Structure formats: C-alpha cells, structure tokens
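Good morning, and thank you for making time for this item. I would like to take you through one structure, beginning with a single contact and then widening the view.

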Amino acid sequence: MKGSRGIKSVILLLTLLAFNIVDVKCQLTANFYEKTCPNLFQVVWKQVRIAVMNEMRMGASLLRLHFHDCFVNGCDGSVLLDGSGSEKLALPNQNSLRGFDVVDTIKSAVESSCNGVVSCADILAIAARDSIKLSGGPSYGVLLGRRDGMVANQTGANSNLPSPFDPLDSVISKFGDQGLNLSDVVALQGAHTIGLARCATFSSRLFNFSNTGAPDSTMDTSLVSQLQSLCPVNGDGNKTTALDQNSTDLFDNHYFKNLLNNKGILLSDQELYSSNLANSTTKSIVESYSNDQHLFISNFINSMINMGNINPLTGSSGQIRTNCRVINS
Ligand code: HEM
Ligand SMILES: *[C@@H]1O[C@H](CO)[C@@H](O)[C@H](O)[C@H]1NC(C)=O
Ligand SMILES: *[C@@H]1O[C@H](CO)[C@@H](O)[C@H](O)[C@H]1NC(C)=O
Ligand SMILES: *[C@@H]1O[C@H](CO)[C@@H](O)[C@H](O)[C@H]1NC(C)=O
Ligand SMILES: *[C@@H]1O[C@H](CO)[C@@H](O)[C@H](O)[C@H]1NC(C)=O
Ligand SMILES: *[C@@H]1O[C@H](CO)[C@@H](O)[C@H](O)[C@H]1NC(C)=O
Ligand SMILES: *[C@@H]1O[C@H](CO)[C@@H](O)[C@H](O)[C@H]1NC(C)=O
C-alpha cells in the first residue's frame, strides 16, 4: 500500500517534470561539457593564449566582453550579435568593446573540436577566466551550461551598463539590479587592474570638472598634468591610457592602492574611495583589498562566479549558436 503510493508519487513527479510543470532551477556546473566536449578548456586556452601573446591588452578586452554580456539580458552571448539593434552600437560599447574577431577564432576552434555543443556565452566566460590567468591573476573553476540568447538588447545595454560618469549611488544600484552586492561592486571594478581607457571616458575630470573651473580635486595633481597633456581640450578622444598606471598588464591589487593615492582614472573608480557615499559603503572594502591581495583575489573570484550566474539560459531555452554574430537560421 505504502510502497505503491510511493511509486505513484514518483511517477507523478516525473510526469510533472517531463511537462515542465515543476520548474527545475537549472544550475551551471563546472563539468557541463565533460562528455560532449572533453578538450574544450585546452582548445579555448590555446586560442586565448595566442591572442594575448599577440597583444597583451586582449586579455583585458575579453574580460570586459563577459561583463558587458552578463549585464544585458544575462550572460547569453547577446553582446556578440551583429545587426542594426546590436548591443555593439550602444553608448558604453561603441568604439570601445573589442575582441570580437578573437571570439570568432575561439568559436571556430571549438566548433572544429566539438560541433554545435558549446555556447558563445560559455566561451566568453572561459575566455575571461583564461585572460585573468594569462595576466598573472588567479585561475578558478568556471561554471558552464549557459545557452545563447535570441535577441540583442541595445536599450538594455544603454540602461544597465554603468557609465564612467556615474556617481557611486547609480553604480551600486545598477549592480544591485543584477543581484550583485557591495563586495561585488568593489571586487569586480578591480578588473580595472588591467586594460586601457580612452580620453573620452575621463577627460571631463581634467580641466573644468562639473563647471568648477578646476580639475577634479579627487585626482592626484601630477596625474592630472600627465593626463592633460595626453587629452587636451578638443584633442583625440580615442587616445588611451592605463586604468592601472602602476602595473598595467598585471592582474594585482594595485588598482585599489591607486585609489588610496587619488590615482583612479575614471570618476567611477575614484568614487569607490573618495565620494561621501563611499564612507559608509565601499571605502573600507577598497582599503581592505589594497592591504590584502589574497582577500581581493578570493573575493574577485567569488564575484566573477556571481556575475557569471546572472540570468543564464539553461535547459532547452535559447540555442547553441553556430556563428556567435547571428542567431541560427
Ligand atoms: C562601475 C562599473 C564600471 C564602469 C563605469 C566601467 C567603465 C569602463 C570604461 C569607461 C572603460 C574604458 C573603455 C574605453 O575607453 O573605451 C573600461 C575598461 C575596462 N573595464 Fe570597466 N567598468 C566598470 C566595471 C567593470 C567590470 C565589472 C569589469 C570586469 C569584471 C570591467 C572590466 C574592464 C576592463 C578589463 C577594461 C579594459 C578593456 C580594454 O583595455 O580593452 N569593468 N571600463
Ligand atoms: C532589455 O533590457 C531591459 C533592461 O534590462 C529589459 O527590461 C527588457 O525586457 C529587455 N528587452 C528585451 C527584448 O530583452
Ligand atoms: C556579498 O555577497 C557575498 C556572497 O556572494 C557575501 O559573502 C558578502 O558578505 C556580501 N557582502 C556584503 C557587503 O553584503
Ligand atoms: C567652466 O565651465 C562653465 C560652464 O561652461 C563656464 O561658465 C566657466 O567659465 C568655465 N570655467 C573655466 C575656468 O573654464
Ligand atoms: C573614435 O574613433 C571612431 C572611429 O574609429 C570615431 O568614429 C569616433 O568619433 C572617435 N571618437 C572620439 C571620441 O574621438
Ligand atoms: C608601483 O608601486 C610600487 C609600490 O607599491 C612602487 O615601488 C613602484 O615604483 C610603482 N611603479 C610604478 C611604475 O609606478
Ligand atoms: C567622508 O569622508 C571624507 C574624508 O574621507 C570627509 O571629508 C567627508 O566629510 C565624509 N562625508 C561623509 C558624508 O561622512
């Protein structure tokens, strides 16, 4: 009697599952492609290594792509789609995001090794992990099983991605919208320990900041002079400088040491330490990361996993794109 009721409930549950009546929250896993693409990690690593050896900055560019993917419709490869509604044309991305050709190269290599099983969204997550490692940072077990989205969301890119001109309260709320907390805000901005920024993204701090008639007082005066000559009024807004002037290509905690010395490049960087709101929110976290590289690294890995978990498409949602730039026909 009891046994048969047990079997009946199992059958009922299986039926509900089969018809998707009970919503199973699919989780990403570390070994998702173990059977279907056993050489995946070697294939991606090889291509990311070639790209970074060819141009050191590419590691930073690939890491940023994963971030800009995840903040718009979740980590679904939507940032890679071409076309008139492309996220590539959104304000935070245009003339700024790079590495798309490298992603194509990685995807081709992956397809040759195991056709039609690995998503573009997962390739971005693995390439970001490998880029951090190749920049002298830590490695970690990246979680996989994302599928690719069917739409780009240009308005979503414009509204969800933080701007370098955003005050700290907007940055905190944009991260909050993605389910990320204060530790994530600070740790993830530590990605600015590598890579470059264009004059257009910080030159408003250099001459007549907020119509004060003077540079931003929270920028070190010798850094101000140096950047004034790189980025004169009406100069080339596409010229670049290092986000971490101390150890540009090395993934370390110097970004946070810079903030303590008023050497953040972007307004949004320095706000983590110097804004009024920082006193009660992010300043103490910046101090702790600047003092303790291990704490930064371990929180950064945790926050990368959190960011990589933003709204993934799993199960039978979305698709596995053949070409990362277009949805399958
Ligand atoms: C408040 C949050 C953030 C803002 C406002 C911001 C803004 C920016 C801006 C303006 C640039 C320079 C782009 C250009 O000059 O074209 C940049 C570069 C970069 N960002 Fe962020 N970012 C933020 C958070 C993050 C996060 C969370 C990551 C990754 C986890 C990240 C990774 C990078 C990297 C690696 C670069 C250098 C890219 C390269 O050299 O190609 N950023 N960011
Ligand atoms: C685009 O992104 C916004 C903001 O996250 C969201 O509200 C909207 O539903 C998205 N649109 C599409 C078509 O995915
Ligand atoms: C943020 O979330 C992490 C878990 O991902 C937790 O360990 C940490 O304490 C939280 N930080 C804050 C400031 O709430
Ligand atoms: C700064 O900009 C404001 C508004 O455009 C202007 O009135 C002021 O004269 C400028 N100050 C300097 C020193 O250029
Ligand atoms: C940067 O270069 C692009 C072309 O590569 C140009 O369209 C854009 O206007 C330039 N941006 C700035 C801020 O000078
Ligand atoms: C980087 O910072 C260290 C101290 O943390 C200092 O000794 C070194 O000179 C700095 N290097 C550059 C290029 O600023
Ligand atoms: C925040 O701290 C700075 C000094 O670090 C101080 O000048 C400022 O008044 C503080 N603001 C608030 C709102 O506590």
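Let me begin at ligand 5, where an oxygen atom of the ligand lies 2.2 Å from a polar side-chain atom of Asn238. Please keep in mind throughout that this is a predicted model. On its own, ligand 5 exposes 360 Å², and the protein buries 38% of that area.

Which residues are around ligand 5? They are Asn95, Ala200, Gly237 and Asn238. Sorted by class, this shell holds 1 nonpolar residue and 3 polar residues, with no charged residues.

I turn now to ligand 3. Around this ligand we find Asn181, Ser183, Asn302 and Asn306. For Asn181, an N or O atom of the side chain is 2.3 Å from an oxygen atom of ligand 3. For Asn302, the distance between a polar side-chain atom and an oxygen atom of the ligand is 3.1 Å. For Asn306, an oxygen atom of ligand 3 is 3.0 Å from a side-chain N or O atom. Ligand 3, taken alone, exposes 360 Å², of which the protein buries 41%.

How many residues in the shell around ligand 3 are nonpolar, polar and charged? The shell has 4 polar residues, no nonpolar residues and no charged ones.

Let me now step back to the protein chain as a whole. Its secondary structure amounts to 14 helices and 2 strands. The radius of gyration of the chain is 22 Å, close to the 20 Å given by the globule rule for 329 residues, so the chain is as compact as a globular protein of that length. Along the principal axes, the C-alpha atoms fill a box of roughly 80 × 45 × 35 Å.

What share of the 329 residues is buried? Buried residues make up 47% of them. As for the surface, the protein chain exposes about 15300 Å², and carbon and sulfur atoms supply 53% of that area.

One further value concerns how the chain contacts itself. Among contacts with a separation of 6 or more, 74% are between residues 24 or more positions apart.

To close, I return to the two ligands. The shell of ligand 5 includes Asn95 and Asn238, while that of ligand 3 includes Asn181, Asn302 and Asn306. Neither the shell around ligand 5 nor the shell around ligand 3 has a charged residue. Thank you for your attention.

Terms used. Residues numbered from 1 in each chain as written. Chains lettered and ligands numbered in written order. Predicted model: local features only at pLDDT ≥ 70, side-chain atom pairs only at ≥ 80, totals over all residues. Heavy atoms only, no water. Near = heavy atom within 4 Å. Polar contact = N/O pair within 3.5 Å; in protein donor to acceptor, adjacent residues only side chain to side chain. Areas by Shrake-Rupley, 256 points an atom, 1.4 Å probe, with all protein chains shown as cover. Nonpolar A, V, L, I, M, F, W, Y, C, P; charged D, E, K, R; others polar. Helix = DSSP H or I, 4+ residues; strand = E, 2+ residues; numbered from the N terminus. Rg over C-alpha atoms; globule rule 2.2 N^0.38 Å. Buried < 20%, exposed > 50% of the residue type's maximum accessible area, 1.4 Å probe, protein only. Contact = heavy atoms within 4.5 Å.
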